[in-house]
Amino acid sequence: MTEKPVRDLIAGGFDHRRALEILASARPAAIKACAEKVLDGLGEVAVLANRTGLAMLPYEDTVRGTTFHLGEVLVAEAHIQVPGRDVEGYGAVVGRDLEHAMGMAVIDAAIAADQSISPILELLIAESAHQQRTDRERLRKVEATRVEMETF
């Protein structure tokens, strides 16, 4: 099986930023399974950080267009280095699931190393579709609660 290079991720509409957005919101089991697939191909991994903590949650005021901090949110964060390939990987997810964050960091490092792109591309496509379905369903439920009021 021929490995797909990173340019195939980009051709599929997944630049680095978009890939990380999808991974951060992806189902943990899918992230962990993909990370297991790509981990062996990376080689030795050094863990630089693996922790939980609070981070400020930025939000944009839609009227003024200014950003403010809505409050703090608990995040799990992982930062790894692959010395043999001179690449790093980073993952951060809302909550305390350190394995999810670590899986995301492994996948990020694999993307940077141009390693095992096929399973990553499959994951991104599947999770993007799942997130779109979930968003549509949520919006459908919100629309069902809309009330129109007459003004006098």
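Student: Where is the place of Gln131?
Tutor: This is a predicted model, and in it Gln131 has its place in helix H5.
Student: And is Gln131 buried or exposed?
Tutor: Gln131 counts as buried, because its relative accessibility is 14% and the cut-off for buried is under 20%.
Student: Which residues is Gln131 in contact with, leaving aside its neighbours within four places in sequence?
Tutor: With those neighbours set aside, Gln131 is in contact with Ile22, Ser25 and Ala26.
Student: Staying with H5, at what angle do H4 and H5 pack?
Tutor: Helix H4, residues 98-112, and helix H5, residues 117-144, pack at an angle of about 125 degrees, and their axes are 10 Å apart. The two helices are therefore oblique to each other, and H4 passes H5 in a left-handed crossing.
Student: Which residues make that contact?
Tutor: From H4 the contact is made by Ile107, Ala110 and Ile111, and from H5 by Ile117, Ile120 and Leu123. By class, the residues of this contact of H4 with H5 divide into 6 nonpolar, no polar and no charged.
Student: What is the relative accessible area of Tyr59, and what is that of Phe68?
Tutor: Tyr59 is partly exposed, with a relative accessible area of 48%, and Phe68 is also partly exposed, with a relative accessible area of 36%.

How values were computed. Residues are numbered from 1 along each chain as its sequence is written. This is a predicted model: local features need pLDDT of at least 70, side-chain atom pairs count only at pLDDT 80 or more; totals for chains, interfaces and linings use all residues. Side-chain values use heavy atoms; hydrogens and water are left out. Axes are lines fitted to C-alpha atoms, for helices over the stretch in contact, and angles run from 0 to 180 degrees between N-to-C directions. Helices (H or I, at least four residues) and strands (E, at least two) are DSSP runs, numbered from the N terminus. Angles under 35 degrees count as roughly parallel, over 145 as roughly antiparallel, 65 to 115 as roughly perpendicular and the rest as oblique. A crossing is left-handed if the near helix is turned anticlockwise from the far one by less than a right angle, and right-handed if clockwise. Contact means heavy atoms within 4.5 Å. Ala, Val, Leu, Ile, Met, Phe, Trp, Tyr, Cys and Pro count as nonpolar, Asp, Glu, Lys and Arg as charged, and the others, Gly among them, as polar. Buried means under 20% relative accessible area, exposed over 50%, partly exposed in between (1.4 Å probe, protein chains only).
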